[in-house]
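Subject: Structure handover

Hi,

Here is the structure for you to pick up. My notes follow below it.

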Amino acid sequence: MDTDPKFVNNTTRSTSSTELESLGMSVDPLAAEMTVPFIKHPLEHTWTLWYLQSDRSKSWEELQNEITSFDMVEDFWSLYTHIKPPSELRFGSDYSLFKKGIQPMWEDEANKFGGRWVIATGRRSKFELDKLWLDVILILIGESFDHTEEICGAVINLRGKQNKISVWTANGQNEGAVIHIGLKLREMLRLPPLQMQYQLHKDSMTKQGSMVKSVYCL
């Protein structure tokens, strides 16, 4: 993926050959023509962005559209600046960002024994919603947790009644890791208390009605 030039910080001032020679410094014409290679910064994991748009005629798996994968900081920013922010998506749409090889589905082998921290978005403005989603995915790809092996991905659901952001973990029975991840999220996102609930995927799959019981609240 090409790097978006607007994110390349080019603050170095060039000095002409005449100026250098006036200071008693010789200039190698070949060296002057050489360009400094752009060095990309690798991420710890490769991540895949998915997009879903509601369609009752298709299965959940068919609705999932894999957009692209990235493993470099610069490639992430290039991608992010070329797609619509969540606030511009239609209701019924989702963005999902997961480690490569994991599908944004409860049934995936990496997800089926896990759960998710659900973040209440409340009545946020479009700008605030987009910023919250960006902050969440930066925390994920930046490996900001001690238990990074427990992180599967994150999802933002755009719905008419209330939008929802969730961070998915691999093992819902690993209480120590689950609580650590929740507390770290609350701290880094600067959320007030009782804005996050942890739900097991198995409870979501067997729920009756719209409510899913919460295992933890922070």
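M196 is buried, at 1% relative accessibility. Buried here is under 20% relative accessible area, exposed is over 50%, and partly exposed lies in between (1.4 Å probe, protein chains only). M196 sits in strand β7 (residues 196-200). Helices (H or I, at least four residues) and strands (E, at least two) are DSSP runs, numbered from the N terminus.

Leaving out residues up to four places away in sequence, M196 touches W117, V118, I119, G182, L185, R186, L191, Y216, C217 and L218. Contact means heavy atoms within 4.5 Å. One of these is L185, eleven residues from M196 in sequence and 9.2 Å away in space, C-alpha to C-alpha.

**Ground rules**

This is a predicted model: local features need pLDDT of at least 70, side-chain atom pairs count only at pLDDT 80 or more, and totals for chains, interfaces and linings use all residues. Residues are numbered from 1 along each chain as its sequence is written, and side-chain values use heavy atoms, with hydrogens and water left out.

**Confidence**

The protein chain has a mean pLDDT of 84, and 81% of its residues reach 70 or more. Residues 2-27 fall below 50; beyond near neighbours in sequence, this stretch has 19 contacts in the model. pLDDT is the predictor's confidence in each residue, from 0 to 100. Where pLDDT is low, the predicted coordinates should not be read in detail.

**Salt bridges**

How many salt bridges does a search of the whole structure find? Four. The criterion is a side-chain nitrogen of Lys or Arg within 4 Å of a carboxyl oxygen of Asp or Glu. Side chains of opposite charge can pair when their charged atoms come close.

- K40 pairs with D75, with the closest N and O atoms 2.8 Å apart. This pair links distant parts of the chain, 35 residues apart: K40 is in the loop between α2 (29-33) and β1 (42-53), and D75 is in helix α4 (residues 73-80). K40 is partly exposed at 29%. D75 is buried at 8%.
- R159 pairs with D94, with the closest N and O atoms 3.0 Å apart. R159 lies in the loop between β5 (151-157) and β6 (164-169) and D94 in strand β3 (residues 93-99), so the pair ties together parts that are 65 residues apart in sequence. R159 is partly exposed at 29%. D94 is buried at 2%.
- K131 pairs with D135, with the closest N and O atoms 2.9 Å apart. Both are in helix α5 (residues 126-141), four residues apart, so about one helical turn separates them. K131 is partly exposed at 44%. D135 is partly exposed at 24%.

**The strands around β3**

Is β3 mostly covered or uncovered? Covered: seven of its seven residues are buried. β3 runs antiparallel to β1, joined by seven bridges. T48 has F98 in β3 as its bridge partner. β3 also pairs with β5, again in the antiparallel sense, over five bridges. There, Y95 stands opposite I156 in β5. Two strands pair if DSSP finds at least two bridges between them.

**Aromatics**

The whole structure holds eight aromatic pairs. Rings of Phe, Tyr and Trp (its six-membered ring) pair if their centres lie within 6.5 Å; planes under 30 degrees apart count as stacked, over 60 as edge-to-face, and the rest as tilted. The W77 and Y80 rings have their centres 6.3 Å apart and their planes at 85°, so this pair is edge-to-face. Both residues lie in helix α4, three residues apart, about one turn of the helix. W77 is partly exposed at 26%, whereas Y80 is buried at 17%. F70, F76, W77 and Y80 form one aromatic cluster.

**Cysteines**

How many disulfides are there? The count is zero. The rule asks for a pair of cysteine sulfur atoms within 2.5 Å. C152 is buried at 2%. C217 is partly exposed at 47%, and C217 is among the residues that M196 touches.

Best wishes
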